[in-house]
Amino acid sequence: MSAQDWESTRRQLHFGQRFLGTVVRVPSPGAVGIFVDIGLPVSGFVDVLLLPSEADRWPMEGTESEFEVWWADERPQIRLKPADPRFVREDFAELLTRWRPGWPQEHGLPVTVADVPPSASEAASGDAHLRVGA
């Protein structure tokens with residue numbers, strides 16, 4: 001995918017936007033994350049940090065489920081969060097409180113708003129967004 005095509009695709013994505021996807025690869029269960037086909041010309045990926053600590057609770061290859069757009073930066077890959085709570089880490093609420101407290105309010109915002117530097121108050125309180133895989 002060209003950089004121009006990626007930027008065009010990226011401008012259409014919103015935080016929390018849901019896609020029905022199929023897990024297509026689990027390269028190192030419990031260690032890396034999972035790759036998900038969401039029907040776009042760019043891959044989807046769920047980082048290990050968002051998945052349950054026990055690899056046997058991860059969705060297996062071939063699993064169909066809904067996934068939410070979690071992050072999409074300049075790299076041509078869509079970072080996803082499983083919508084099904086069975087496939088999300090046990091302490092997800094704590095993770096949000098610590099690393100991404102604005103997540104519920106971000107739903108519906110274009111992913112390109114992440115290109116805007118955080119406000120001074122956000123910067124003073126630490127990383128405002130969990131940039132998984134950054």
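## A strand pair in a predicted model

Gly 44 stands opposite Ile 78 in β5. These residues belong to a pairing in which strand β3 (residues 44–47) and β5 run in the parallel sense over 2 bridges. Two strands count as paired if DSSP finds at least two bridges between them. Helices (H or I, at least four residues) and strands (E, at least two) are DSSP runs, numbered from the N terminus.

This is a predicted model, in which local features need pLDDT of at least 70 and side-chain atom pairs count only at pLDDT 80 or more, while totals for chains, interfaces and linings use all residues. Residues are numbered from 1 along each chain as its sequence is written, and side-chain values use heavy atoms, with hydrogens and water left out.

## The barrel

The strands form a closed barrel of 5 in the order β1-β2-β3-β5-β4, with mixed pairing. Neighbouring strands of this sheet are turned by 55 degrees against each other on average, direction ignored. Such angles are taken between axes, which are lines fitted to C-alpha atoms (for helices over the stretch in contact); angles run from 0 to 180 degrees between N-to-C directions. Strands of a sheet pair through backbone hydrogen bonds, either parallel or antiparallel.

β1 has two antiparallel partners here: 5 bridges join β1 to β4, and 3 bridges join β1 to β2. Thr 22 stands opposite Glu 64 in β4, and Arg 25 stands opposite Phe 35 in β2. β4 and β5 pair in the antiparallel sense over 4 bridges, with Phe 67 opposite Pro 82 in β5. β4 and β5 also form a hairpin, with 6 residues between them.

## Strand β5

How many of the residues of β5 are buried? The strand is mostly covered, and 5 of its 5 residues are buried. Buried means under 20% relative accessible area, exposed over 50%, and partly exposed in between (1.4 Å probe, protein chains only). Ile 78, Leu 80 and Pro 82 point one way from β5, whereas Arg 79 and Lys 81 point the other way. In a regular strand the side chains alternate between the two faces of the sheet.

Ile 78 has contacts (heavy atoms within 4.5 Å) with residues including Trp 6, Leu 13, Gly 44, Val 69 and Trp 71, not counting residues up to four places away in sequence.

## The nonpolar core

A nonpolar core is a set of buried Ala, Val, Leu, Ile, Met, Phe, Trp, Tyr and Cys residues joined through side-chain atoms within 4.5 Å. The largest one has 28 residues, of which Leu 13, Ile 34, Val 36, Val 46 and Ile 78 touch the most other members. At least two residues of this core come from each of β1 (18–25), β2 (33–37), β4 (64–71), β5 and α2 (92–99). β4 gives the largest share, 4 residues. In soluble globular proteins, nonpolar side chains tend to be buried together.

## Helix α1 and Arg 10

Helix α1 (residues 3–10) has Trp 6, Thr 9 and Arg 10 as buried residues. They lie on the same side of α1, because they cover an arc of only 95 degrees around the axis. The arc is that of the directions from the helix axis to the C-beta atoms. What covers the buried residues of α1 includes β5 (78–82).

Arg 10 is buried, with a relative accessible area of 3%. A polar atom of the Arg 10 side chain lies 2.8 Å from the backbone oxygen of Ala 72.

Phe 92, Leu 95 and Leu 96 are the buried residues of α2. Seen down the axis of α2, they fall within an arc of 100 degrees, so they line one face of the helix. The face turned away from this buried side carries the exposed residues Ala 93, Glu 94, Thr 97 and Arg 98. The cover over the buried residues of α2 includes β4, β5 and α3 (103–106).

Arg 100 lies in the loop between α2 and α3. Is Arg 100 buried or exposed? Arg 100 is buried, with a relative accessible area of 1%. Its side chain makes a polar contact with the side chain of Glu 106 at 2.7 Å. A polar contact is a pair of N or O atoms within 3.5 Å; within protein, one must be able to donate a hydrogen and the other to accept it, and residues adjacent in sequence count only if both atoms are side-chain atoms.
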